[in-house]
Amino acid sequence: MSGAGLRAWLLDPVPASRRQARIGRWYRAALAFGGNGLAMAGLLIVLALVLIAIAAPLIADPQAATLQSLTDRLQPASWAHPFGTDELGRDIFARTVFGARITLTIVALVGLIVVPVGLGIGLPAGYFGGAVDAVLMRLTDIFLAFPRLVLALAFAAALGPGIVNAVVAIALTTWPPYARLARAETMTRRDAEFVQAAVLQGASRASILFRQILPLCLPSVVIRLTLDMAGIIITAAGLGFLGLGAQPPAPEWGAMVASGRQVLLDQWWVATIPGIAIFITSVGFNLFGDGLRDVADARGA
Amino acid sequence: MIRLDRVTVRYGSGAHGIAAARDISFTIAAGEVFGLVGESGSGKSTVLRAVAGLLPHAEGIVELAGEAMPRRRTRAQRRLLQMVFQDPYGSLHPSQTVDQALAAPLRIHGLREGERRIAESLREVGLGPEHRFRFPHQLSGGQRQRVAIARALIVAPRILLLDEPTSALDVSVQAEILNLLMRLRREHGLTMLMVSHDLAVIAHLCERVGVMQHGALVEQTTVDALAAGTVTHAHTRELLESSARFERDR
């Protein structure tokens, strides 16, 4: 099929099949997203990060990330060490590249926990109301009442340091706003006439929740997650900085910033390079989330 | 086909409950079109929702096709009756295409030949294949109401409830939708119960009329009697007069 023919097929106002209609919808959304420069910049950053994480062994020497060489400690940037070396003589470039894997793992795992938990608490609370709502929302309030980093610290300290425990600690402190958001979105829809029409058709409560209400709550929850990614990365870095996240010698960006703290004035690159990586990643997710929201808004309007 | 016997519907429970409809009794024969008129707050929509099974009735019996309806209806009982809502903007799921809206009831009731049924029901309400994969926000108000009618009729119900089906539409579109409903009623032999505050709309579609005031059914009469002005209750006469005054001023 030629390029023009494919385009016409994608944008066909009278699709011949469900499949064509669905692919055409995605194409239109992609076109809208592509027209947004900042959103595309965010997407490129996120994609680049994923690529770097996957291809890390091709970009940098896996051994260099943890190989100590005390004679080479705190070297400035050079051909051998593009970003210099840290206080144990490890190559900061290799550590930053491999650190992307840890950061993306944390972000992905937190997302995978937070979205289902938030929806799982918020949807029934909003839909059933009454006692269900009261119990679930008081539970949410209890978690909301604690400052986030402090609660994550307490969990990480209780569970013991490590990446998985850091993920659990961050997820436990991140879900409450998602539950509130899902509940509010559900409440505005539960009495809608399209829900009543579904009741009259004989749809079960579960099917109304999953097929009617969930699809309307999902965009705002996912967008909130991409906007929160920056905060999650920084919390993960904060836990790493305090020694409760990834353990040495794992190249976690937050821990790397912490280790460069003592030499910040004389060997600034030790803390600054991973700091820049955290910053770029946060900005990338933020721009990407903003773009997603714009696309979703345009469709809802 | 529809029989209500001393039905009372309350909002809230216990002593604080407000009876929005009290002691409503009427019977609608198979194939008949019955209209409920009244001012806003008279309880006519409450009665309609009790018949639909969207509101539980506190007292009395709602009987459809000779069967008293339980508090929770079975799937087969649900299929007997469908409803077209007032607001075509609120009664269609905003992120589902027309195709998805029509496929859902087929899936719930396990009806086969979905492709044929969807194409047929769209044609029946005067929509073409070009509308099938559109979202509600890509359709006009009249087209949305046609989709809502197609969705109601795709499970082949015997009873169709209409909640002010034209009041959210432009005057020119109102007539089209009313004519469509009349044609579908003839073709499918539907029994219809329609709620409206507009006597002209009721007179266009219905044979018999119930007049509601303050939650009570104050008079049952025929459209012919309305036209002739031979009505007994004072409130019916008030409605007739205000309607006539409105027509004259327009």
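1. In chain A, helix H6 (residues 130-145) packs against helix H8 (residues 163-189) at an angle of about 140 degrees, and their axes lie 9 Å apart. Axes here are lines fitted to C-alpha atoms, for helices over the stretch in contact, with angles running from 0 to 180 degrees between N-to-C directions. H6(A) and H8(A) are therefore oblique to each other, a class left over once angles under 35 degrees (roughly parallel), over 145 (roughly antiparallel) and 65 to 115 (roughly perpendicular) are set aside.

2. This is a predicted model, in which local features need pLDDT of at least 70 and side-chain atom pairs count only at pLDDT 80 or more, while totals for chains, interfaces and linings use all residues. Residues are numbered from 1 along each chain as written, chains are lettered from A, and side-chain values use heavy atoms, without hydrogens and water.

3. Asp86(A) lies in the loop between helix H4 (56-59) and helix H5 (92-128) of chain A, and at 3% relative accessibility Asp86(A) counts as buried (under 20% relative accessible area, with exposed over 50% and partly exposed in between, using a 1.4 Å probe and protein chains only). The side chain of Asp86(A) reaches the backbone nitrogen of Leu88(A) at 3.0 Å.

4. Glu39(B), in the loop between strand S3 (33-37) and helix H1 (44-52) of chain B, counts as partly exposed at 45% relative accessibility. The C-alpha atoms of Glu39(B) and Asp198(B) are separated by 9.2 Å, although the two are 159 residues apart along the chain.

Key:
Helices (H or I, at least four residues) and strands (E, at least two) are DSSP runs, numbered from the N terminus. A polar contact is a pair of N or O atoms within 3.5 Å; within protein, one must be able to donate a hydrogen and the other to accept it, and residues adjacent in sequence count only if both atoms are side-chain atoms.
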